[in-house]
Amino acid sequence: MRILFYDTKKYDKESFDKILPKYEGIEIEYVEADISERTAKYSKGFDAVCAFVSSDLSKKVIEVLAENNIKLILMRCSGFNNIDLKACEKHGITILRVPGYSPEAVAEHAMALALACNRHIHKAYIKVRENNFSLVGLKGFNFHQKTAGIIGTGKIGAAMCRICRGFGMRVIAYDIYQNPELDFVEYVELDKLLEESDLISLHCPLTDDSYHIINSKSIKKMKDNVVLVNTSRGALIDTVDLIKGIRDHKFQSVGLDVYEEETENVFENREDDILETSVTSRLLSFPNVIITSHQAFLTEEALDAICYTTMENAKAYMKGDIIENNIVK
């Protein structure tokens, strides 16, 4: 099997090259460009392509892949909201993903963002580097004995629940499906979670139901001075409404590892004055906002797990023995 690996980073190549010799009959060619309508044509002569959660796998891209006889898309991630599933089904393209690689990696980054935001670590770092040791503007609050609201309690959300419990927080959660392993968590309706949480952390997949789950209405229901963290999917938050909420001093701080502008322009039908410039740039202008570069997954352990599962998916496809839980339908 020949695999074309799109959007290659140095750590990707190093990780996959390390285990590739164990998989006889599989070859990988790496390209730095991400997949798009223009670059999808490079797949000609390959059997599969490997993509990431931010890759463009829209209908037109899938059609180009189908023309090149691509029958397998390997997602080196768990998310697949960027894929036109109907187009893949129409052309008989199988999609395999990595449903769980290191939930602790993402959950730990979520808590790191929450702590850094709350205690203004980013501002303190800059001030001290300029030889300014003033404590003005650096006051936070204890997480101990406060309420953490976790939206989504799959593997990552569950890991975040355990971390918050370790901080001595009361942990409440909202999810359609309750996790039986989290006997210390109180499941509540979304409105109750918004009203009672001092820290809100998003850990749910992006679906039609969860799209812009954080919007002007839900923001109004939150406590004043709440800390909001998102390490899941950018479009869980209506960015324009978030900016308005920050302007209105609703949030103590906001920590984001994902944002709507990572992929397509979801703001094209909005006429808000905020949209005169990049919304991500607007977010960066606020001193109580920390944005990281979609790096929550980026640990040695997570990369090893991603490589192993991706290669096992390719091997299983070749043998006709695909792991059911890894198939995107």
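A charge is taken to sit over a ring if NZ of Lys or CZ of Arg is within 6 Å of the ring centre and within 35 degrees of the ring normal. R2 meets this description, lying over the face of F46 at 4.1 Å from the ring centre. The model is predicted, so local features need pLDDT of at least 70 and side-chain atom pairs count only at pLDDT 80 or more, while totals for chains, interfaces and linings use all residues. Residues are numbered from 1 along each chain as its sequence is written, and side-chain values use heavy atoms, with hydrogens and water left out.

R2 belongs to strand β1. Helices (H or I, at least four residues) and strands (E, at least two) are DSSP runs, numbered from the N terminus. R2 counts as partly exposed, with 31% relative accessibility. On this scale buried means under 20% relative accessible area, exposed over 50%, and partly exposed in between (1.4 Å probe, protein chains only). Leaving aside residues up to four places away in sequence, R2 touches E27, E29, G45, F46, D47 and A48. Here contact means heavy atoms within 4.5 Å. The C-alpha atoms of R2 and G25 are separated by 8.4 Å, although these residues stand 23 apart along the chain.

The structure holds four aromatic pairs. Rings of Phe, Tyr and Trp (its six-membered ring) pair if their centres lie within 6.5 Å; planes under 30 degrees apart count as stacked, over 60 as edge-to-face and the rest as tilted. The ring centres of F5 and F16 are 5.0 Å apart and the planes stand at 70°, so this pair is edge-to-face. It links distant parts of the chain: F5 is in strand β1 (residues 2–5) and F16 is in helix α1 (residues 10–19), eleven residues apart. F5 is buried, at 0% relative accessibility. F16 is buried too, with a relative accessible area of 2%. Another pair joins F141 and F143, with centres 5.6 Å apart and planes at 70°, so it is edge-to-face. F143 is buried at a relative accessible area of 4%. F5, F16 and Y30 together form one aromatic cluster.

The buried residues of α2 are V61, I62, V64, L65 and A66. Their cover includes β3 (48–51), β4 and α3 (85–90). N68 lies in the loop between α2 (59–67) and β4 (72–75). N68 is buried, with a relative accessible area of 13%. Its contacts, not counting residues up to four places away in sequence, are A40, K41, S43, K44 and F46. N69 follows α2 and has a positive phi, near 65°.

Q145 is not a glycine, yet its phi is positive, about 70°. Q145 is placed in the loop between α5 (121–129) and β6 (147–151). At 65% relative accessibility, Q145 is exposed. H212 is not a glycine either, and its phi is positive at about 55°. The loop between β9 (199–202) and α8 (216–221) holds H212. H212 is buried, with a relative accessible area of 13%.

Helix α9 (residues 239–247) has seven of its nine residues buried, so it is largely enclosed by the rest of the structure. The buried residues are T239, V240, D241, L242, I243, G245 and I246. They pack against α8, β10 (226–230), β11 (251–256), α10 (279–284) and β12 (289–291).

A search of the whole structure finds one cavity of 30 Å³ or more. A cavity is a set of points, on a 1 Å grid over the protein atoms alone, where a 1.4 Å probe fits but cannot get out; lining residues have an atom within 4 Å of a point. Grid points are joined across faces, edges and corners, and a volume is the space filled by probe spheres set on the points. The largest cavity holds about 40 Å³ of space. Its lining consists of N230, G234, I237, T239, L242, L256, V258, Y259, E260 and L283. By class, that lining has six nonpolar, three polar and one charged residues. Ala, Val, Leu, Ile, Met, Phe, Trp, Tyr, Cys and Pro count as nonpolar, Asp, Glu, Lys and Arg as charged, and the others, Gly among them, as polar.

Technical notes. On a 1 Å grid over the protein atoms alone, a cavity is a set of points where a 1.4 Å probe fits but cannot get out, and a pocket is an open set with protein on both sides within 12 Å along at least five of seven lines; lining residues have an atom within 4 Å of a point.
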